[in-house]
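Cut-offs are given where a term first comes up.

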Amino acid sequence: MANNKDFVKDSYMGAFKWIHLSKPFAFNSMEGKSVPVEPNTAGAKYSISWTLSAEEGAAFEAKCKEHFEARKAEDKKIKTDFGAVHGLKKNEDSTWSVTAARKSVNAKGEMAGVPVMNEYQDPMADLDLWDGSIGTAVFSMYPAPNPSSGKWGISLNLLKVQITEAVHGGDDADFVKVERPQPKDPFNLPPAEAAKTEEVEYDEIPF
């Protein structure tokens, strides 16, 4: 990939959402949404998403389009105009949602997970990550056609992720924790003075 001009490496640093790194997801036409699946399921992908401001999203789209136009000028396979950035969506509040994904099975038929490391750059064991986890995602931009429309655009291939501040869920994750108040003395007595201890030095073993 290092010598392939089709692939340009980029990265994002900040908060994430819709983190699917522990298990791949695939679109289920019956349910009308993506659901967790086994890695060998057709269309299964690992993915991670983040949000960009209106200005950041527009700049990112322009960067992707610039790369597409540069490759189109040299690649005869690309015969259509720029269609879209696959994985980039503009929201109603003018922000942009970005999703970088990686197929769980590569072109050679091998399982291909996404390397995930912690703040110490050690492999991360607990990948049950929730929205709000913070870190860095490294991905590559490359020209690719949309199987549905046939139009070419830019796809975002997830390469690796580092999580520096992890947010994990649990059985009580939906509840708010409030510190328990200290019990009050019903007799309103003044607090007892802490007992003073005298440090004793021993010059020899007493046995």
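Which residues does Ala84 touch, not counting residues up to four places away in sequence? They are Trp152, Gly153 and Ile154, where a contact means heavy atoms within 4.5 Å.

## Basis of the model

This is a predicted model, in which local features need pLDDT of at least 70 and side-chain atom pairs count only at pLDDT 80 or more, while totals for chains, interfaces and linings use all residues. Residues are numbered from 1 along each chain as its sequence is written, and side-chain values use heavy atoms, with hydrogens and water left out.

## Fold

The secondary structure of the protein chain comes to one helix and ten strands. Read from the N terminus, the order of elements is β-β-β-β-α-β-β-β-β-β-β. Helices (H or I, at least four residues) and strands (E, at least two) are DSSP runs, numbered from the N terminus.

Of the 207 residues of the protein chain, 31% count as buried. Buried stands for under 20% relative accessible area, exposed for over 50%, and partly exposed for values in between, with a 1.4 Å probe and protein chains only. Among contacts between residues at least 6 apart in sequence, 70% join residues at least 24 apart.

## Aromatic pairs

Seven aromatic pairs are present in the structure. Rings of Phe, Tyr and Trp (its six-membered ring) pair if their centres lie within 6.5 Å; planes under 30 degrees apart count as stacked, over 60 as edge-to-face and the rest as tilted. One of the pairs is Phe16 with Trp50, edge-to-face at 6.2 Å centre to centre and 75° between the planes. Phe16 lies in the loop between strand E1 (8-15) and strand E2 (17-28) and Trp50 in strand E4 (residues 45-52), so this pair ties together parts that are 34 residues apart in sequence. Both Phe16 and Trp50 are buried. The two also belong to one aromatic cluster, formed by Tyr12, Phe16, Trp50, Phe60 and Phe139.

Phe68 and Phe82 make another edge-to-face pair, with 5.4 Å centre to centre and 65° between the planes. The pair links distant parts of the chain, with Phe68 in helix H1 (residues 54-72) and Phe82 in the loop between H1 and strand E5 (85-86), 14 residues apart. Phe68 counts as buried because its relative accessibility is 0%; Phe82 is buried too, with a relative accessible area of 16%. A charge also meets a ring in this model: Lys17 lies over the face of Trp18, at 4.2 Å from the ring centre. The criterion is NZ of Lys or CZ of Arg within 6 Å of the ring centre and within 35 degrees of the ring normal.

## Largest pocket

The largest pocket has a volume of about 1400 Å³. On a 1 Å grid over the protein atoms alone, a pocket is an open set of points where a 1.4 Å probe fits, with protein on both sides within 12 Å along at least five of seven lines; lining residues have an atom within 4 Å of a point. Grid points are joined across faces, edges and corners, and the volume is the space filled by probe spheres set on the points.

The lining has 38 residues, of which Lys45, Ala101, Arg102, Lys103 and Leu156 lie nearest the pocket centre. The elements that give two or more residues to this lining are E2, E4, strand E7 (96-103), strand E9 (134-145) and strand E10 (152-165). By class, the lining has 19 nonpolar, 13 polar and six charged residues. Ala, Val, Leu, Ile, Met, Phe, Trp, Tyr, Cys and Pro count as nonpolar, Asp, Glu, Lys and Arg as charged, and the others, Gly among them, as polar.

## Single residues

Arg102 is found in strand E7 and is partly exposed, with a relative accessible area of 23%. The C-alpha atoms of Arg102 and Ile48, 54 residues apart along the chain, are separated by 9.4 Å.

Ala84 sits in the loop between H1 and E5 and is partly exposed, with a relative accessible area of 34%. Ala84 and Ser155 are 71 residues apart in sequence and 8.8 Å apart in space, C-alpha to C-alpha.

Ser94 has a phi near 75°, a positive value in a residue other than glycine. Ser94 is in the loop between strand E6 (88-90) and E7 and is partly exposed at 35% relative accessible area. Gln121, in the loop between strand E8 (116-117) and E9, has a positive phi near 65° and is exposed, with a relative accessible area of 57%.
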